[in-house]
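Visitor: I have not looked at this structure before, and I would like to learn how to read it one feature at a time. Could you take me through it slowly?

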Amino acid sequence: MKWKKYTIETTTAAEDFMSSMLMDLGIEGIEIEDNIPLTKEDQADMFIDFLPELPPDEGVSHVSFYVEEDGSDQTEILKQVKIGLEKLRDMVEVGSGVITSSETEDLDWINNWKKYFTSFTIDDILIKPTWEELKEEDKDKFLIEIDPGISFGTGKHETTQLCIRQLQKYVEGKHPKVLDVGCGSGILSIVALKLGAREVVGTDLDADCMTSTRDNMQVNHLDLSLGTFYVGNLIDDEELQEKVGTEEYEIVVANILAPVIIAMAPVIPARLKQGGYFITSGIIDFKENEVKEAMEAAGLTVVEINHQGEWVNITAQKQ
């Protein structure tokens, strides 16, 4: 399917009005590009460790929308957009209002990313996308199949690999109960179960992750009764903390960014049994000391720190 992309040059003051006007016309797939730096509040809400370098904000914004090339009366749509644009001029400074167009490639936007996710190994574990055929020479390998869907977690990221290596070390032969905080696609829960965990409990802010995790458990031939998953924020949701339980886990694993781990650290010891381990990653290297200090302030003892690229794993124990 081919699409026409139309881009309106406008101002940052008008971009929200512009996108609202387009939605009122029934247009979906709206994209806004500007150089407005994120506020500290936005940065915290999005769990961003560090901000990208942006050019100076000169108040210019580009609002783009997409129209199916063969299935819409583009002339009529553009006419309505231009009328809406002129009406907005009475309310806000819209800038030049120049509309440019370009043709997108004929792509399957939802599935096109899959070509970048292929089978790979982490030590002796083979991680394979569900849509890829298993090679004959790989049939005897320790296999994890995964379809991340719209959730984070293919296993390729350094932070996930750091966590998987720690799960290998602390799960195999011990049959622990594992709490997976921020479970995403469920990859760490699945790895834990296949390594021998007796049960997993997972939490995530996104309800879609519950579906992804259960789907991936089934793909890996795991009994769904071995996993219980909740939507919510373990940091401050007391009801969720009660559901998850107190002193029930030999291992808590969290592959989340550093500010979240820091905020979460005070509630983790209550989840762990005596001698249990808190395995973390998602920590950019310059945040290592902050996370370590937060764990120690929560009463945990740091027993291991590992690095891969610019990312860090910190494993701590409740002693």
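**Reading the core and its surroundings**

Guide: Let us begin with one residue in this predicted model: setting aside neighbours within four places in sequence, I164 is in contact with I122, I125, I127, I187, L188 and V191.

Visitor: Which residues have the most contacts inside the largest nonpolar core, and how many residues does that core have?

Guide: The general idea is that, in soluble globular proteins, nonpolar side chains tend to be buried together. Here the largest nonpolar core has 30 residues, and those with the most contacts inside it are I127, I164 and L167. The elements that each give two or more residues to this core are strand 5 (120-122), strand 6 (125-129), strand 7 (142-146), helix 4, helix 5, helix 6 and strand 11. Helix 5 gives the most, with 7 residues. Apart from this core lies another, of 26 residues, and among them are L179, V181, V201 and F278.

Visitor: How many residues of helix 4 are buried?

Guide: An α-helix has 3.6 residues a turn, so residues three or four places apart point the same way. Helix 4, which covers residues 158-171, has 14 residues and reaches 20 Å from its first C-alpha to its last, close to the 20 Å expected at 1.5 Å a residue. It is mostly covered, with 11 of its 14 residues buried; these are T159, T160, Q161, L162, C163, I164, Q166, L167, Q168, Y170 and V171.

Visitor: What does S281 touch, leaving out residues up to four places away in sequence?

Guide: S281 is found in strand 12, residues 272-284, and because its relative accessibility is 0%, it counts as buried. Beyond its neighbours up to four places away, S281 touches T159, L162 and C163, and also A254, N255, I256, I261, V312 and N313.

Visitor: In which sense do strand 8 and strand 9 pair, parallel or antiparallel?

Guide: Strand 8 and strand 9 pair in the parallel sense over 5 bridges, and the bridge partner of V181 in strand 9 is T203. Strand 9 and strand 10 (residues 227-231) also pair in the parallel sense, over 5 bridges, with T203 standing opposite Y230 in strand 10. Since 5 of the 6 residues of strand 9 (residues 199-204) are buried, this strand is largely enclosed by the rest of the structure.

Visitor: Which helices make β-α-β units with these strands?

Guide: Strand 8, helix 5 (residues 187-195) and strand 9 make a right-handed β-α-β unit, and strand 9, helix 6 (residues 208-219) and strand 10 make a right-handed β-α-β unit as well.

Visitor: How many residues lie between strand 13 and strand 14 in their hairpin?

Guide: Strand 13 and strand 14 form a hairpin with 2 residues between them, and G309 in the turn has a positive phi of about 60 degrees. The two strands, residues 301-308 and residues 311-317, run antiparallel and are joined by 7 bridges, with I305 opposite I314 in strand 14.

Visitor: How many helices and strands are there in the protein chain?

Guide: There are 9 helices and 14 strands, and buried residues make up 44% of the 319 residues in the protein chain. Among contacts with a separation of 6 or more, residues 24 or more positions apart account for 68%. The accessible surface comes to about 16,200 Å², of which 49% belongs to carbon and sulfur atoms.

Terms used: Residues are numbered from 1 along each chain as its sequence is written. This is a predicted model: local features need pLDDT of at least 70, side-chain atom pairs count only at pLDDT 80 or more; totals for chains, interfaces and linings use all residues. Side-chain values use heavy atoms; hydrogens and water are left out. Helices (H or I, at least four residues) and strands (E, at least two) are DSSP runs, numbered from the N terminus. The expected span of a helix is 1.5 Å times one less than its number of residues. Buried means under 20% relative accessible area, exposed over 50%, partly exposed in between (1.4 Å probe, protein chains only). Contact means heavy atoms within 4.5 Å. Accessible areas come from the Shrake-Rupley method with a 1.4 Å probe; for residues, only the protein chains shown count as cover. Two strands pair if DSSP finds at least two bridges between them. A crossover is right-handed if, with the strands pointing away from the viewer, the path from the first strand over the helix to the second runs clockwise. A nonpolar core is a set of buried Ala, Val, Leu, Ile, Met, Phe, Trp, Tyr and Cys residues joined through side-chain atoms within 4.5 Å.
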